[in-house]
Amino acid sequence: MKEFKEAGLSTEIMEAISEMGFVKPTPIQEKTISHLLTSRKDLIGLAQTGTGKTAAFGLPIIQQIDPKIQKTQALILCPTRELCMQITKDFNQFSKYLPKIKITAIYGGASIENQIRALDRGVHIVVGTPGRVLDMIYKKKLMIEKISWLVLDEADEMLNMGFKEDLDEILSAIKSDRQTLLFSATMPKEIAKISEKYMNDPDEITAGQKNIGAENVLHHYYLVNAKDRYSALKRLADVNPDIYGIVFCRTREETQNIADKLIGDGYNADALHGNLSQYQRDQVMNRFRTQHLQLLVATDVAARGLDVSDLTHIINYNLPDDLDIYLHRSGRTGRAGKSGISISIVHTKEKNQLRIIENRSKIRFEQKKVPDGISICEKQIFNLVDRVVNIDVNKTQIERFLPYIYDKLSDLTRDGLIQHFISVEFNRFLEYYKDAPDLNLSLAPRKSERDRNQSRPTRSENFSRFFINIGSRDSMDKPNMIKLIASHIRNRNIEIGKVDLMKNFSFFEIESSYEKETLKAFELAEFKGRPLNVELSNNESMEMPPRKKSKKNR
Ligand code: AMP
């Protein structure tokens, strides 16, 4: 099926989707639409958001709904309120010329009474989050005996969000001759278990390769010190003046913090995370969707319900621990045939994680250099000049101000005038990047250099050197020592530098700005029942600091 009309879709549906600008089916639509129109077999679809899967299952289901039966015939389960609303909106558009088909969304965090009233009026298709759907089944407001299609959309996200038990109950409650469809971007073991338990010999289709990020997404990474992450982020935003992207952070606090800093520094940014009220989240998402915001700083969970198809970039402020999360994030750009860039800001400790993601996904990451001040200024100035050239001049609106403006500017020559106008916008960049340092981490020293350094240890720039009272005699090697240090510090943003392992004791480096935090982390620490002694070492030799002897036997 290369065209929609070959799939057997009705003229009403064809007309609606043609108004939506759908010309050709996407790969998942090619496979799913004809399957659903010709078979009652269950179906598992491996597909990410952005592949057109809503229409893939929505169009054939809508076509087969019998509006004369005033009962719910299709139930679509999805992880978030935003996704519920998005799917419902899409379904309403698909069924624009089938006005007898009634669709409603039911989700948590909103008045249950209104949703009950909608169900009482009789709806053919219900789109809901698992918790609220189960509630409505218990309350006997959602009647399930006539359900012929049950769709689990973004099944992996529903499990990630803790809906496993609710799903089990819903799947057990609905009669077994339904056709069950499961869509997921990834196939963790738990999904396979659900399919084994609740699906009947399902066919499996894949939109593109499994677990591979969108083809038109480039994967770039920038290697910097952990403390330079924010400066690198700003430079990346500055060198892409038309950026429209999501910056993914690990925690709500970090998300708010980075957004606050960006706003304070004059960027068109805002935060999206779970500490905001639903109203605040809706506001931020609307501003972002309508491109009134250029940068959205978000946690993975909060960004889930956001359906935006023309992002130019996504930025991993931290590299995620999990490949699936990386794929979800990067899959948010490069949609609907457009290209996109997935950027990761990586510090040395995260390099291994990057390699793991690279090996498991076959994604090719390309290392890029954080731009220097000159190239950013160049990019900004050209962008400004382009904007000046291309701006629509509304002569009638500005006409009455012009005499005053001409008079005020009459002493400036043409060149002077240009220079003044450019400086108004541009001086802040020139000032900020005047003495901008190189943020790129230099490549690892060659072996001969390393050997030389071994005999004359020096403290790396921006790092402090610590003494610790365990060494190789305690069955320690360098990787284990790094693990031990990391397990006490418990802050992945803190970079661990060089480790020098001696027989009875060792030295390690930590970024200087985290000296106090490091000492505190080891205050009551023990190793194999022995107190751990960690102290700042001012001396750069490989000898145990004299003070340590007295503390060793505390
Ligand atoms: P989805 O993966 O269902 O969230 O769809 C992603 C975006 O692609 C939505 O904005 C859809 O409206 C759009 N879309 C879906 N199918 C097509 C198609 N065949 N042609 C053009 N756009 C589509």
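The model is predicted, so local features need pLDDT of at least 70 and side-chain atom pairs count only at pLDDT 80 or more, whereas totals for chains, interfaces and linings use all residues. Residues are numbered from 1 along each chain as its sequence is written, and side-chain values use heavy atoms, with hydrogens and water left out.

**Fold and extent**
- The protein chain has 23 helices and 20 strands, these being DSSP runs (helices H or I, at least four residues; strands E, at least two).
- Along the principal axes, the C-alpha atoms fill a box of roughly 90 × 80 × 45 Å.
- Of the contacts (heavy atoms within 4.5 Å) with a separation of 6 or more, 75% are between residues 24 or more positions apart.

**Burial and surface**
- Buried residues (under 20% relative accessible area, with a 1.4 Å probe and protein chains only) make up 48% of the 554 residues.
- The chain exposes about 28,500 Å², by the Shrake-Rupley method with a 1.4 Å probe, and carbon and sulfur atoms supply 51% of that area.

**Domains**
- An automatic or database assignment divides the chain into domain 1 (4-206), domain 2 (217-373), domain 3 (374-432) and domain 4 (447-553).
- The centres of domain 1 and domain 2, taken over C-alpha atoms, are separated by 30 Å, and 14 residues of domain 1 are in contact with 13 residues of domain 2.
- Between domain 1 and domain 2 about 1,200 Å² is buried, 50% of it from carbon and sulfur atoms; this is the accessible area (1.4 Å probe) that the two parts lose on being put together, summed over both.

Definitions and conventions
Buried < 20%, exposed > 50% of the residue type's maximum accessible area, 1.4 Å probe, protein only.
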